[in-house]
Amino acid sequence: MTATADTSPTGLRGRVEHVVRHGPGGPFRERSWRSPLRGPWLTSVLALVLLVGLLVLIVTGLLSYAAYDPRLGGSNEQTPGRGALAFFLFTWPTSPAWLYRVNQGTHVLLGIALVPVVLAKLWSVAPKLFEWPPVASPAKALERLSILLIVGSILLLMVTGVMNVQYDYAWGFSFYTGHFYAAWVFIAAFAAHVGLKLPVMVRSLRSRSFVAEMRVSTKDTVAEPRDADHLVSPDPLPATMSRRGALAVVGGGSLGLLALSVGQSVDPLRPTALLSPRGQSYGDGPNDFQVNTTFGETRIEPAETGSAWRLTLVGPSGTVVLRRDELLSMAMVSEELPIACVEGWSTSQRWTGVRLRELAALVGGADEESVFVESLQKGGAFSTHTLSGRQVRAARTLLALKVNGVDLSLDHGFPARIIVPAAPGVRNTKWVRTLVFGGSA
Ligand SMILES: Nc1nc2c(c(=O)[nH]1)N[C@H]1C(S)=C(S)[C@@H](COP(=O)(O)O)O[C@H]1N2
Ligand SMILES: [Mo]
């Protein structure tokens with residue numbers, strides 16, 4: 001039995017069949033993409049930049065994960081289900097002191113600078129992303145799935161990364177957890193994509209000389225020959241921009257973002273870090289450098305940091321309670337050490353205080369494999385942390401009481417804070433109350 005209304009070409013079924021065969025139109029139609037610049041050569045130039053840049057991002061990202069020493073548990077560990085994905089973990093070193101600063105500065109600055117390149121690469125392959133029919137064969141289905149995963153994960157990584165740098169946590173999951181799992185999806189899809197496409201990239205790059213192409217004017221810019229991947233438009237419009245112009249726009253965008261961000265990681269350039277929420281100048285007093293969480297944002301009572309404050313040390317041989325003046329009468333050491341936040345900003349300052357290992361020795365904890373640090377702050381992921389035995393024993397790990405010759409300000413952790421060389425800034429717990437040697441969360 002046939003329903004006459006449905007079989008007519010203008011009826012519902014006719015229209016559905018038309019869409020199934022020819023696509024919904026708009027971006028799904030190859031003829032919507034008519035830029036003469038789009039083609040395998042331009043895509044491959046962008047791909048080469050991303051191949052190198054993303055490899056550096058992967059390595060610095062995995063190192064940044066290791067730097068948190070997640071095996072110590074507690075708030076160090078935000079990915080309990082990571083299983084085999086953490087196969088590469090090792091105990092993070094304590095020297096050189098700039099290790100995390102350089103690693104994280106590179107990760108964040110490069111990640112920001114690559115945003116225009118990723119967007120340009122997506123633009124350059126847009127007809128492929130909207131290819132119709134979406135699934136033509138099992139092989140095509142696999143290829144499309146890998147593209148869906150690589151595009152989805154890189155967009156998620158870019159958006160969460162940039163929002164995190166801006167201290168904007170407007171999603172329903174922890175940045176650390178989300179960025180970590182998205183990174184592993186990305187790494188797998190990236191490896192598959194590079195494996196599939198590397199020969200095409202090399203062939204396309206060899207198809208014309210970069211230097212010669214950079215001399216071609218807009219007037220002389222024509223589409224590449226039609227390619228098997230259908231990046232080149234079957235019906236290109238005249239060029240309104242040369243390939244040199246297109247690469248200059250992308251490169252200029254990258255360099256512009258870099259120029260407005262690099263100051264967040266390079267102390268003398270700080271006033272230029274216009275895109276960074278913690279990057280700019282705070283004047284020039286001894287305590288005038290970036291504050292992550294201010295004292296006012298915590299729920300610590302001002303009186304708790306006054307004369308009633310005590311440092312409690314717990315270790316195998318018992319408990320010792322110290323006043324601030326007793327700490328000040330111990331051997332004071334000064335160290336120039338960076339604070340390097342996971343958000344990318346960093347600064348180097350001169351800290352004065354007691355070696356953590358001296359405090360450990362007071363309670364027989366010098367050989368313990370961890371110290372559990374508790375702050376006066378109540379609740380939140382920043383109020384407690386665990387440091388490794390390696391960090392406790394490092395000569396330059398301090399319980400700092402002063403910075404740049406004066407008492408710590410309340411915002412920087414008065415009465416006392418931890419400063420660990422080479423570690424993520426978050427390990428430098430402020431407003432310290434208790435140190436439990438051998439303890440963990
Ligand atoms: N108690 C406590 N300690 C803390 C934090 C915090 O929010 N609470 N922030 C951490 C983070 S994420 C960083 S980067 C550094 C920043 O130190 P600063 O604010 O003195 O520059 O402190 C760390 N110590
Ligand atoms: Mo941080």
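Reader: What makes up the shell around ligand 1 by class?
Author: The shell has seven nonpolar, nine polar and two charged residues, where Ala, Val, Leu, Ile, Met, Phe, Trp, Tyr, Cys and Pro count as nonpolar, Asp, Glu, Lys and Arg as charged, and the others, Gly among them, as polar. This is a predicted model, in which local features need pLDDT of at least 70 and side-chain atom pairs count only at pLDDT 80 or more, while totals for chains, interfaces and linings use all residues. Residues are numbered from 1 along each chain as its sequence is written, chains are lettered from A and ligands numbered from 1 in the order in which they are written, and side-chain values use heavy atoms, without hydrogens and water.

Reader: Why does the approach of Thr293 to an oxygen atom of ligand 1 count as a polar contact?
Author: A polar side-chain atom of Thr293 lies 2.6 Å from that oxygen atom, and a polar contact is a pair of N or O atoms within 3.5 Å, so the pair qualifies.

Reader: What makes the aromatic pair of Phe28 and Trp132 edge-to-face?
Author: Rings of Phe, Tyr and Trp (its six-membered ring) pair if their centres lie within 6.5 Å, and planes under 30 degrees apart count as stacked, over 60 as edge-to-face and the rest as tilted. By this rule the count comes to 19 aromatic pairs. For Phe28 and Trp132 the centres are 5.6 Å apart with 85 degrees between the planes, so this pair is edge-to-face.

How values were computed
Polar contact = N/O pair within 3.5 Å; in protein donor to acceptor, adjacent residues only side chain to side chain.
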